[in-house]
Amino acid sequence: MPGQIEPALLSELRGRLRDARRVFVLTGAGVSAESGVPTFRGGGNTAVWKGIPFDVISSAGMLARDLPAVWEWFDYRRKLLCELQPNPAHRTLALWQDKFAHFRLTTQNIDGLHAAAGSRDVLELHGNIWNARCTNCAERRSLKDESDEGEPEERPPICRSCGHAMRPDVVLFGELLPEGVFEQAATDAASCDLCFVVGTSSLVYPAMRLPEIASGTGAYTIEINPELTPFSGRCDVAIQGRAGEVLPQLEF
Ligand code: OAD
């Protein structure tokens, strides 16, 4: 059956999970695919919105040229997300957080579904779609609160501190990651015993470096993805299957 872990491997992985003290998990869009969130790549397709490739509409250049278009794209994505729920992969990872001396969940996703499943202290490498950030000062605002308060939506939202336009609090192509976030993830990756790489094409820098860091410092690395990626040949085990089907089998 696709996604069914072969018994010898299953018992090996359960043993490793029972013995592990420090676990590091990197997730990507594929972990949310079974919740209904479209991935960017995979299955031979690349995301396009209104004829614009996602890496153009989600870019620093587009933000500079057309902030309202960037808001429209992220508002569209937020609207899709409103209806969606965490899936068994998110829920399994939320259960793992209390089972190890140290557990770090790092995600490239901006959808907030790990937190919705109960995961705490998730390192969000690419920000969070539910937050806005001022283009001028450090002010941030939750867009969830905005809709809860029933305030009229202004686009772009205006910063209450300094009056400048706000932008989605996400990392766009051509931008750096939020300060310190990658460094924290790299520290955790470098000191883990077990590293899971779930639902990422392992193509986007710098997140793709994290499993390499874990592997380079001796961690046992496990990839979960229905498709092969550039990391598949370098990890200890590549399980070809869907995250929501594979992760719950790893009960230990
Ligand atoms: P991608 O869309 O590049 O890759 C998604 C991966 O998930 C593919 O390798 C799929 O095979 C896999 N996949 C699909 N369904 C799955 C399932 N049910 N279970 C497990 N895996 C599944 O997404 P990311 O690697 O997350 O950045 O992309 C990285 C970054 O590229 C994103 O964070 C985003 C994008 O540009 C920014 O927007 C800054």
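**Exercise 1. In what order do the 6 strands of the open sheet with parallel pairing lie?**

Before you start: this is a predicted model, where local features need pLDDT of at least 70, side-chain atom pairs count only at pLDDT 80 or more, and totals for chains, interfaces and linings use all residues. Residues are numbered from 1 along each chain as its sequence is written, and side-chain values use heavy atoms, with hydrogens and water left out.

Step 1. Strands (E, at least two residues) and helices (H or I, at least four) are DSSP runs numbered from the N terminus, and two strands pair if DSSP finds at least two bridges between them.

Step 2. Read across the sheet: the order is S5-S4-S1-S9-S10-S11.

Step 3. Check the ends. S5 (123–124) and S11 (237–239) are the edge strands, each pairing on one side only.

Step 4. S10 (residues 220–224) runs parallel to S11 and is joined to it by 3 bridges; Ile-222 stands opposite Val-237 of S11 here.

Step 5. H1 (residues 7–19) lies across S9 (194–198), S10 and S11, at about 125° to S10. Contact here means heavy atoms within 4.5 Å; axes are lines fitted to C-alpha atoms, for helices over the stretch in contact, with angles from 0 to 180 degrees between N-to-C directions.

**Exercise 2. Work out what surrounds the ligand.**

Step 1. Count the shell: 22 residues surround the ligand, and the closest are Phe-40, Arg-41, Thr-200, Ser-201 and Asn-225. A residue gets in if one of its heavy atoms lies within 4 Å.

Step 2. Sort the shell by class: 9 nonpolar, 9 polar and 4 charged residues. In this scheme Ala, Val, Leu, Ile, Met, Phe, Trp, Tyr, Cys and Pro are nonpolar, Asp, Glu, Lys and Arg are charged, and the others, Gly among them, are polar.

Step 3. Look for N or O pairs within 3.5 Å. A backbone N or O atom of Arg-41 sits 2.6 Å from a ligand oxygen atom, and a polar side-chain atom of Thr-200 lies 2.7 Å from an oxygen atom of the ligand. Ala-243 brings a polar backbone atom, 2.9 Å from a ligand nitrogen atom.

Step 4. Check the cover: of the 780 Å² of accessible area that the ligand has on its own, the protein covers 93% (Shrake-Rupley method, 1.4 Å probe).

**Exercise 3. Describe the antiparallel sheet.**

Step 1. Its 3 strands form an open sheet in the order S7-S6-S8, with S7 (140–142) and S8 (166–170) as the edge strands.

Step 2. Neighbouring strands are turned by 40° against each other on average, direction ignored.

Step 3. S6 (residues 127–134) connects to S7 through 3 bridges, and Arg-133 faces Arg-140 of S7.

Definitions and conventions. Polar contact = N/O pair within 3.5 Å; in protein donor to acceptor, adjacent residues only side chain to side chain.
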